[in-house]
Structure formats: C-alpha cells, structure tokens
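Good morning, everyone, and thank you for making time for this.

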Amino acid sequence: TEFNALKEQYDGSAFLTQTQRDWIQLQKIINKTKLHTKLNEPKNILRKQCFRITQHKLFDPVILLFILINVLVMSLRYHNQPEAWDWTLWSLNLFFVAVFGLEAILKIAPLGPKVYLEHNWN
C-alpha cells in the first residue's frame, strides 16, 4: 500500500516533519551514548587506598556475588526451623550487614556522600 511505502521511505515516520525526524534521530543517538563521570583520585593516602579498592575491576562483581548469596540465605528461613539454624542465618545476616557496611564506607570515604548517592549503582 501507499502508506507502507511512505512509512518505509521515511523510516517509520511518514507524517513527521524533517525537523521532527531529526529530533528523533538525535534522541536515538543520545540514548545509545553512555556517559561516565571521571572520578578524581583523592590526595589523602587512606582515602586514595579506599578509592583504588572500589575502582578495582573485581570490586563490583564480588559485591554482586555477595548480594546474590545474601538473597539465597534470606530465602532459607522456614517455619519452625531449629534454633541452631536460626542462629546460623542470623550470623550470616550479620556478616552480610558488615560486608555491605564496609562497601559503603569504602565508597563514601574517598569521594563523600554526595558523589556516592549520585551513582545509581550504589
């Protein structure tokens, strides 16, 4: 049909002006672009060490692994579980609280809470 031919000719936008098509094309390019803020390494030696740890290529995958294990541990609770099992799950939960608390400290210490909260991954 004529409509399908026009649609094909104008890349699915037969009834748009050239300006509108240009704007859509620009939006597609912008959506494909991934901008990353370059974080500056702190000068303080302790903060610098925290920064280097959190920027290591294995840091985020290890934290993600801890998150997945934590989800698994949280799913292991059941009705009328033995007290020993309850204590084990409580201990593991405490361990994960410590790991995630340390992660937050290691990320907040070098750059401050504002930069920490600006990143969606945190």
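This is a predicted model: local features need pLDDT of at least 70, side-chain atom pairs count only at pLDDT 80 or more; totals for chains, interfaces and linings use all residues.

Residues are numbered from 1 along each chain as its sequence is written, and side-chain values use heavy atoms, with hydrogens and water left out.

Let me start with charge. Side chains of opposite charge can pair when their charged atoms come close. By salt bridge I mean a side-chain nitrogen of Lys or Arg within 4 Å of a carboxyl oxygen of Asp or Glu, and a search of the whole structure gives 6 of them. One of these joins K48 to E41, with the closest N and O atoms 4.0 Å apart. Another joins R52 to E41, where the closest N and O atoms are 3.2 Å apart. This second pair links distant parts of the chain, since R52 sits in helix 3 (residues 45-55) and E41 in the loop between helix 2 (18-32) and helix 3, 11 residues apart. Helices here are DSSP runs of H or I with at least four residues, numbered from the N terminus.

How accessible are these residues? We call a residue buried under 20% relative accessible area, exposed over 50%, and partly exposed in between, using a 1.4 Å probe and protein chains only. On that scale K48 is partly exposed at 24%, E41 is partly exposed at 37%, and R52 is partly exposed at 45%.

A further salt bridge is found between E118 and K114, at 2.8 Å from N to O. Both residues lie in helix 6 (residues 113-118), 4 residues apart, which is about one turn of the helix. E118 is partly exposed at 49%, whereas K114, at 60%, counts as exposed. Salt bridges that share partners, in turn, join E41, K48 and R52 into one network.

Now to helix 5. The expected span of a helix is 1.5 Å times one less than its number of residues, so the 29 residues of helix 5 (residues 83-111) should span 42 Å, and the end C-alpha atoms are 43 Å apart, which agrees. Which residues of helix 5 are buried? They are L89, F96, V99, E103, A104, L106, K107 and P110, and these buried residues pack against helix 3, helix 4 (59-74) and helix 6, where contact means heavy atoms within 4.5 Å. Just after helix 5, G112 takes a positive phi of about 95°.

Finally, the aromatic rings. Rings of Phe, Tyr and Trp (its six-membered ring) pair if their centres lie within 6.5 Å, and planes under 30 degrees apart count as stacked, over 60 as edge-to-face and the rest as tilted. The structure holds 4 such aromatic pairs. One of them is F95 with F96, an edge-to-face pair at 5.4 Å centre to centre, with 65° between the planes. F95 is partly exposed at 40% relative accessibility, whereas F96 is buried at 3%. F66, F95, F96 and F100 form one aromatic cluster.That leaves the surface patch. L64, I67, L68, V71, M74 and W121 form a nonpolar patch with about 610 Å² of accessible area together. Patches are made of residues with over 30% relative accessible area and no salt bridge, like charges being joined within 9 Å and nonpolar side chains (Val, Leu, Ile, Met, Phe, Trp, Tyr) within 5 Å, and areas come from the Shrake-Rupley method with a 1.4 Å probe, only the protein chains shown counting as cover for residues.

Conventions
Helices (H or I, at least four residues) and strands (E, at least two) are DSSP runs, numbered from the N terminus.
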